Amino acid sequence: MNYLYGILAGAIGLIYAGVLAYKIKKIKVESEKVREISGYIHEGAMAFLNKEYRILAIFVVVVALVIGFSPLGWVQAGCFILGSFISALTGNLGMRIATIANARTAEAAKSSLFTGLKVAFSSGSVMGLSVTGLSLVAIGILYALIKDPNVIYSFGFGASSVALFARVGGGIYTKAADVGADLVGKVEAGIPEDDPRNPATIADNVGDNVGDVAGMGADLFESYSDSLIAAMALGAAATYLLGDSATILPLLIAGLGVFASLVGNVVINMRKNGAIHNILNSGIWTAALIVAIFSFFLVKYTVGNIGIYWSIIAGLISGIVIGLATEFYTSEKNKPARGIAEASKTGPATNIIAGFALGLMSTVIPVLAVCAAIWVAYAQGGIYGIAIAAVGMLATLGITLATDTYGPVADNAAGIAEMSGLGNEARQRAEELDAVGNTTAAIGKGFAIGSAALTALVLLITYGHVVNLNSVDVLDPKVLIGLFIGALLPAVFSALTMKSVGISAQEMVNEVRRQFKEIAGIMEGTAKPEYAKCVAISTASALKHMVVPGVLAVLSPLLVGLILGKAPLAGMLVGSTITGFLLAVIMANAGGAWDNAKKYIEAGNLGGKGSDVHKATVVGDTVGDPFKDTSGPSLNILIKLMAIVAIVIAPLL
């Protein structure tokens, strides 16, 4: 019955999230213009989600019927539907609170920087605690009913499927709008970011929410869920060594993480002065410290093997190291991103070369961190130790996700402050929050990538356990074919998503140019742009182009497994995990560094806004947008989704 503690912790997290959401909603927005612009963003975001969910509903029903009528059975079909539903629900909840909080953050920024911070961070906390709370409660209840964690893998399959579509669709949406707004607005028309004269600016702000809130939430919900389920399944297989508590321990660690995140929230909300970045870090470090201390007692009084405790610490530390490495490579305060700004003196070509080289080099620390975590975790706890390391890395997700999704809210607030004319002081405060949010978002992406790699590895190990495959002969021609197909898939997947952004951005650029040309008075501010047309273009294009990558991810392991066999399928998972991890790090860090190099110039360095150096960094940032917000993040889900599909279909092989 110890699993009830995990369910209780998840429920407490959900209650706290509900209280925060209620408090945010009760904040009055005095400016009618702020309410109007926020309303446009909310309507556009919800319209996209509703259309996306209608498409996903068809996919979920079809797959559920296939699972139900197959030897897998209707229990697994039900788990799949539940996982899909809750994954969509987390994105919906996060989107709703973010589009409510953006106006409140802009309004709060009129009072003080720290008032604005608390509103924006509270909205992020609603997302973080909803993700962890819903996952814990759902998995805990499913385990109480079914008692077999292997059956619950279908829950993870549903969560991963919806997350992939949400990430790809949201990523295409946000970058089509962003690229169109930047290329025509900033470069061609020479108007500032978030200028109300830019027809794509509302679509751009909507995109921040559908990509970086709903998409990121669904992404980490499935990482969190998959790591819990895999650790529970491997724990069930290790009960002869560690006792029955091995199955429940992942839920208890996750429950401790929710409690630690709540304390971290309190620490942040108590701070009334200091640097914004340091305030957010104080909450994250507090939560990590609580998990590091109290997980020792959890392990001691459950499985009794202290080696498992060191596996948790290995995962926790590796997550922190990856986050710090990401911050080093992407922050405009550090040498790597500033080096890209310096390279931009000679034009956009050298900017892009420098940024791509940075992305390639930035893979070293994350790869070594994951390797070290694997080494320590296996040495201390065997295969189960690696699974527990993944749970440890994600234990404090309630607060790390909060600091990530706080960023888009602050970004929206800065845009709303500009468009509604709240004044320079409110705008500058919102921009300061946004600048920190840009760094926390980059750290969040690094954390998501690291957790994806470790979770995918755990799922690969679990697949081998399920199909009784202890080793794979890499000299077997069929296994080699599987390896090459697996290595190929992230490249093809990235090509499809990048191309989709390019096509969608072209449509957006043409529409913005048309409006500037045909609607007299836009540049003078006497005529209102047709924002809705830009929102419609992003919505239609994103929904159209998200289908093929999603179907590719689901069908590939099924076809390889049924045609080539279980060993070649393991080879495919190895190939996709390695290349997917590397590509995701390259894209996320190069994109983040390009973005912050631009912000470094916009802060008044090397010529400032409007200079040739600035125009070169805008081009680099435009290339980096689909890198860091579409293809890179989607790869996290791709490698986990293919692994969990392999586990689900294992009985058919």
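Leucine 652 is partly exposed, because its relative accessible area is 35%, where buried means under 20%, exposed over 50% and partly exposed in between, with a 1.4 Å probe and protein chains only. The model is predicted, and local features need pLDDT of at least 70, side-chain atom pairs count only at pLDDT 80 or more, while totals for chains, interfaces and linings use all residues. Residues are numbered from 1 along each chain as its sequence is written, and side-chain values use heavy atoms, with hydrogens and water left out.

**Surface patch**

- Leucine 652 lies in the segment after α20 (612-649), helices being DSSP runs of H or I with at least four residues, numbered from the N terminus.
- Together with Ile55, Val547, Val551, Leu555, Leu559, Leu562, Ile563 and Leu653, Leu652 forms a nonpolar patch on the surface with about 720 Å² of accessible area; patch residues have over 30% relative accessible area and no salt bridge, and nonpolar side chains (Val, Leu, Ile, Met, Phe, Trp, Tyr) are joined within 5 Å.
- A salt bridge here is a side-chain nitrogen of Lys or Arg within 4 Å of a carboxyl oxygen of Asp or Glu, and accessible areas come from the Shrake-Rupley method with a 1.4 Å probe.
- Helix α18 (residues 547-564) supplies the largest share of the nonpolar patch, six residues.

**Confidence**

- The chain has an average pLDDT of 85, and 96% of the residues score at least 70, pLDDT being the predictor's confidence in each residue, from 0 to 100.
- Confidence is lowest in helix α7 (residues 239-242), with a mean of 74, and highest in helix α12 (residues 348-361), at 94.

**Aromatic pairs**

- There are ten aromatic pairs, counted when ring centres of Phe, Tyr and Trp (its six-membered ring) lie within 6.5 Å, with planes under 30 degrees apart stacked, over 60 edge-to-face and the rest tilted.
- Phenylalanine 59 and phenylalanine 165 form an edge-to-face pair, at 5.0 Å centre to centre and 65° between the planes.
- This pair links distant parts of the chain, phenylalanine 59 in helix α2 (residues 32-69) and phenylalanine 165 in helix α5 (residues 153-189), 106 residues apart.
- Phenylalanine 59 is buried at a relative accessible area of 16%, and phenylalanine 165 is buried at 5%.

Key. Patches are made of residues with over 30% relative accessible area and no salt bridge: like charges are joined within 9 Å, nonpolar side chains (Val, Leu, Ile, Met, Phe, Trp, Tyr) within 5 Å. Helices (H or I, at least four residues) and strands (E, at least two) are DSSP runs, numbered from the N terminus.
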